[in-house]
Amino acid sequence: MLLKRSLPKVRWQYWIKPWQQVDWLLFCLAVAVSMFGGLMILSTELNKAVTDWWWHWLMTGIGSIIALFLARCRYENLMQWHWLTYALTNFSLILVMVVGTSAKGAQRWISIGGFHVQPSEFAKVGLIISLAALLHKRTDPTFDSVLRSLAIAAVPWGLVFVQPDLDTSLVFGSIVLGMLYWANANPGWLILLVSPVFSAILFSIPWPLSNSIVLFENISLTPLGLAWAGAMGIVGWQTLPWRKFGLSGIGTLSLNMLGGGLGVFAWNHLLKEYQKDRLTVFINPELDPLGAGYHLIQSRIAIGSGEIWGWGLFKGPMTQLNFVPEQHTDFIFSAVGEEFGFVGCLILLFAFCLICYRLLHVAQTAKDNFGSLLAIGVLLMIVFQLIINVGMTIGLVPVAGITLPWMSYGRSAILANFIALGIVESVANFRQRQKYY
């Protein structure tokens, strides 16, 4: 009799065993956010003869199945195939340049059987796998190993940059820097990597001519830029291996001076006016309300009109009358703000915070460095896109073509996010097994 009563429990354990360590909260949160995203896409297209919302839900179902399949496969196998993954990633990005289709001035898609596939979305996952395989062997990376990792990451980054897809290349940069930091690379080296970018910005800030050292026409050395370059020279002298005769300090100082000069030159002579407007309009979008500032103004109006509780699903006037361009993709968060208000935005952001917390937990509890780096890479990908997308819809950062993970429409993006989720779930699933009795 006791044996018969225990049989149903044993059968239940048999079926659940392949996923016994899966982080179900993480998985369910991602699926719930994705389903909610399809609902918001439906709201933005209620008066249009399109079915993007249906495709979004279909990709959510397919992605969920893929994630569950990957969760029961050992993630360690990715290490054996990481060079093949890297080669396929670069091949797909090169293929875009050869046979890809163009839209809005960029060549980013490959048409397969009538479907547009965006390889750069899957390249994010490929980059994470490649870097994790390179960095997992050392707990204290040397300068040479960091340079090797940067060289490996530079190839797909460059291929994405020339599409041109500056927004995705920024995601690549955040993944690389964050994974290097998680792998215990010297923080000073990481600061030096991004310092020329800050030099270009600081040297471009207008100062009174009497406070600047004029080098050439339209190029001057501002006090703020000089101070930054000097500080980076000190950081380089203290952290880089070539300290003899101060070569490391002089080299980094010169690099930042060069970066600042090139940034000012590019701003004054290379960038078109519309490109400058896109970078600066978030500060004062009213300067070009019908051009570069239109997206941001309409997005802010939509979010503000939602107030505390919102207008209600399918009732937001800005959303239903299509005042916000690209609302089903880049500006999906504005639809949430208008129809569900401040409370709805907080709930959605809280769900994302829980997702990020669970990703961090998996990274901290992984049984090896490779699994930990995989999880942290996915976390960095999600966090960067979340911050930039939400920030641009409310006017805190420049408008960029970065989607909100699992919320924005994009079949390639949805599948790539669920593949990344499945890899993280595999890391969680193959930690130290719990025993069932």
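Tutor: What follows goes through the salt bridges and then some of the helices.

This is a predicted model, in which local features need pLDDT of at least 70 and side-chain atom pairs count only at pLDDT 80 or more, while totals for chains, interfaces and linings use all residues. Residues are numbered from 1 along each chain as its sequence is written, and side-chain values use heavy atoms, with hydrogens and water left out.

A search of the whole structure finds four salt bridges; the criterion is a side-chain nitrogen of Lys or Arg within 4 Å of a carboxyl oxygen of Asp or Glu. One of them pairs aspartate 23 with arginine 358, with 2.8 Å between the closest N and O atoms. Aspartate 23 sits in the loop between helix 1 (2–16) and helix 2, and arginine 358 in helix 15 (residues 332–365), so this pair ties together parts that are 335 residues apart in sequence. Helices here are DSSP runs (H or I, at least four residues), numbered from the N terminus. Both aspartate 23 and arginine 358 are buried, where buried means under 20% relative accessible area, exposed over 50%, and partly exposed in between (1.4 Å probe, protein chains only).

Another salt bridge joins the side chains of lysine 367 and glutamate 76, at 2.7 Å from N to O. Lysine 367 belongs to the loop between helix 15 and helix 16, and glutamate 76 to the loop between helix 3 (52–71) and helix 4 (77–80), so the pair ties together parts that are 291 residues apart in sequence. Lysine 367 is partly exposed, at 44% relative accessible area, whereas glutamate 76 counts as buried, at 18%. Arg74, Glu76 and Lys367 are linked in a network of salt bridges.

Glutamate 121 and lysine 124 also meet in a salt bridge, at 3.0 Å from N to O. Both lie in helix 6 (residues 119–135), three residues apart, about one turn of the helix. An α-helix has 3.6 residues a turn, so residues three or four places apart point the same way. Glutamate 121 and lysine 124 are both buried.

Helix 16 (residues 369–393) has 25 residues and should span 36 Å at 1.5 Å a residue; its end C-alpha atoms are 36 Å apart, which agrees. The expected span is 1.5 Å times one less than the number of residues. Glycine 395 follows helix 16 and has a positive phi, near 85°.

Helix 2 (residues 24–44) contains serine 43, which counts as buried at 1% relative accessibility. The side chain of serine 43 makes a polar contact with the side chain of glutamine 320 at 3.0 Å; such a contact is a pair of N or O atoms within 3.5 Å, where within protein one must be able to donate a hydrogen and the other to accept it, and residues adjacent in sequence count only if both atoms are side-chain atoms. Threonine 44 is in helix 2 as well and is buried, with a relative accessible area of 4%. A polar atom of the threonine 44 side chain lies 2.7 Å from the backbone oxygen of isoleucine 41.

Note on methods. Helix = DSSP H or I, 4+ residues; strand = E, 2+ residues; numbered from the N terminus.
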